[in-house]
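Biologist: Please take a close look at a single part of this structure, a sheet and the helices on it. Plain terms will do.

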Amino acid sequence: MTKRYLMTPGPTPVPEDIMLNMAHPIVHHRTKEFKDIFAETKKLAQQVFQTKNEIVIFSSSGTGAMEASVSNLLSEGDKALTVAAGKFGERWSQLVRAFGASAVELKYDYGDYAKIEDVDKALSKDSSIKAVFMQASETSTGVFHPIDEIGKMIKEKYPDVVFVVDGITAIGAIDVKTDEWNIDIMITGSQKALMLPPGLSLMSVSEKAKRVIENSKNRYYYFDILKELNSDGGSYTPAVTLIEGLNLAFKKILDEGLDNVFRRHELLANATREAALALGLELFAKRPANSLTAIAMPVDSSKVISLMKDYGVHVSNGQGSLKGKIIRIAHLGYFGKPDIIMAIGGLEIALKKLGVDAPFGEGVKKAMEIFVEE
Ligand SMILES: Cc1ncc(COP(=O)(O)O)c(C=O)c1O
């Protein structure tokens, strides 16, 4: 028997009390009982998103909310700026094109991050760009983009442009200030730092975004943002069980305190990064996110991951061209200090078995030292 530890950047582990909360008998979605839970959950979401904007919850994976933002904001023939420095950034361009709009792509090498001056230049060159779509944290490379500076610049210089951020591996893990940073639509999914199974996507929608949606000639049926905003228990059958779990997940995050949650993620990220460096490994991300750590491997990373899995720790490979080159250790959501020591221990054992010349024990030691000093 191998005890399994899931340390992938989604799905992530679900706390025991949330699992038990979701084991309640099913509540009907048109009852007052459920409508109250739904309304309260949206209010709690506003606190975690750091926004006063209204919240929409879809029964879909995160990509559903990404698609909704594109299909509702853009009409055929519209232009949007898509920022891509990895797999998920590229998804924005695919979505924009799928709905008949054109994507002006700002592309970076994998591992790199978006620069405010590039976004500024792209917007200044083309006044017909209606929206900017980008990630907060690019999960395929472990990069955190400077969405704070970019959001403030857009507000100051291009006030009509709608700013859409995929915060799928940021919300609930990294301090992203939706309103302060002028983010019109902020998106997340349930299976990341919200500590739930997959199946829900959430988005906050500003008044400006709503006005643009109202004036767009868009094509969609299920993913209708304005319809959802005007319904008190969801337009269709909501994922009642997951929403009950989400309600508790938000309460747990807010009970811990947002600042404490962000500090915990920062500490775990710092220990993981420093441990990797102590082993003589290289971090892949030029501007690392606190939600996951991408580490370049000196040998085929698929072999490292397979040996780590034998030991019990499940981490992720690189995607696309990064497959076999990096490993991604997640620490977003229900994670604590022992998880990091365990993951680094697994990594060290795998590297040793593969004959990699890394100072054995130094990674775990470094992580433990960081936890002692903290
Ligand atoms: C940053 C980011 N965007 C989008 C997605 C896609 O989300 P989903 O697989 O829930 O549709 C993911 C999933 O890993 C992600 O990390």
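**The open sheet and its helices**

Serine 316 has arginine 328, in β15, as its bridge partner. Strands here are DSSP runs (E, at least two residues), helices are DSSP runs (H or I, at least four), and both are numbered from the N terminus. This is a predicted model, in which local features need pLDDT of at least 70, side-chain atom pairs count only at pLDDT 80 or more, and totals for chains, interfaces and linings use all residues. Residues are numbered from 1 along each chain as its sequence is written, and side-chain values use heavy atoms, with hydrogens and water left out.

β14 pairs with strand β15 (residues 326–330) in the antiparallel sense, over 2 bridges; two strands count as paired if DSSP finds at least two bridges between them. The open sheet has 4 strands in the order β11-β12-β15-β14, with antiparallel pairing. Its edge strands are β11 (282–283) and β14 (316–317), each of which pairs on one side only.

Helix α10 (residues 258–278) lies across β11, β12 (292–296) and β15, and runs at about 10 degrees to β12. Helix α11 (residues 301–311) lies across β14 and β15, at about 40 degrees to β15. Contact means heavy atoms within 4.5 Å. The axes are lines fitted to C-alpha atoms, for helices over the stretch in contact, and angles run from 0 to 180 degrees between N-to-C directions.
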